[in-house]
Amino acid sequence: FTRTAADDMILADKDPHYRVLNLSVDPWQDATTSYYHKSIGGYHGAKLKRIQELYENVMDKNINAVGTALNSQNDSIIQIALSRLATLNMLNTKYIIYNPEGGVLPNRYACGNAWFVKEIKIVQNSDEELKSLDTLSSKNTAVVEKSFSLAPASFAVDSAATIRLTSYGPNKLTYESNTSREQFAVFSEVYYDKGWNAYIDGNPVPHVRADFVLRALKVPAGKHNIEFRFEPKLYFVGEKVALAGSLLLFLSVIGAIFYEVRKMKKVKAKVPVTV
């Protein structure tokens, strides 16, 4: 794909860990944006139902709000609109393309790859969790469903606390945190408990779902290494079964060869020697 002027402007950012919303195409049907960027849009028939519900109930409203603000051509209105886009901000949408020939809108309200919130809002169910995103200040507040009892009811905020992404891979993400007291961190990655596990300094720790689709966990005071690893049990069980099957096949072949060799030796031993 040929790089556009908008692509060039965005790729000048040396930090690759952000997402891009491309409004110059249909964001939910087009995949070309993903050639150069981590895209908010795109399409796949096999997606999590929560992602589909997020798009239909909240994301479309955010996109319409961006379009209305851009049409005003008023920077103050645009910045106010960006500050209120809870879903786009929590998904770390740092750039919005509205014209491939250089029309790029930087979003300084994007939450980043991970952040510490100031408070937790407990809701009764997923419907309330989704509805809360309409007015959520995602940088300051995390919405957590009541069933996730691991979320702390309250905590003392450390305004100097830091957390940053240090390495990114499709099956492993690493972060570094530094805080003077226990904090609650939200990660701009989709929560999926059927395979993703969390670790702090190499020790497994539980994590919860926040903001309807994201991951969150309690981070203890001090400097720590945080990892998320994709370790689906079915995959590893399948690998062990496959290994066991391969070993049995190998032993069977070796056994068959050994049996044939012994058989040939016995046959040779019975053949009389002629002079």
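Visitor: In which helix is F250 found?
Guide: This is a predicted model, where local features need pLDDT of at least 70, side-chain atom pairs count only at pLDDT 80 or more, and totals for chains, interfaces and linings use all residues. Numbering starts from 1 along each chain as its sequence is written, and side-chain values use heavy atoms, without hydrogens and water. Taking helices as DSSP runs (H or I, at least four residues) numbered from the N terminus, F250 falls within residues 233–270, which is helix α6.

Visitor: Does F250 count as buried or exposed?
Guide: Buried means under 20% relative accessible area and exposed over 50%, with partly exposed in between (1.4 Å probe, protein chains only). F250 has 52% relative accessibility, so F250 counts as exposed.

Visitor: What volume does the largest cavity have?
Guide: A cavity is a set of points on a 1 Å grid over the protein atoms alone where a 1.4 Å probe fits but cannot get out. Two cavities of 30 Å³ or more are counted. The space in the largest cavity is about 60 Å³.

Visitor: Which strands each supply at least two residues of the lining of the largest cavity?
Guide: Lining residues have an atom within 4 Å of a point, and here they include L165, Y168, S188 and E189. Strands are DSSP runs (E, at least two residues). The strands you want are β7 (162–168) and β9 (183–190).

Visitor: And what is the volume of the second largest cavity?
Guide: Among the residues lining the second largest cavity are V20, L21, N22 and D30. A volume is the space filled by probe spheres set on the points. For the second largest cavity, that gives about 40 Å³.

Terms used:
1 Å grid on protein atoms, 1.4 Å probe; cavity = no way out; pocket = protein on both sides within 12 Å on 5 of 7 lines; lining within 4 Å.
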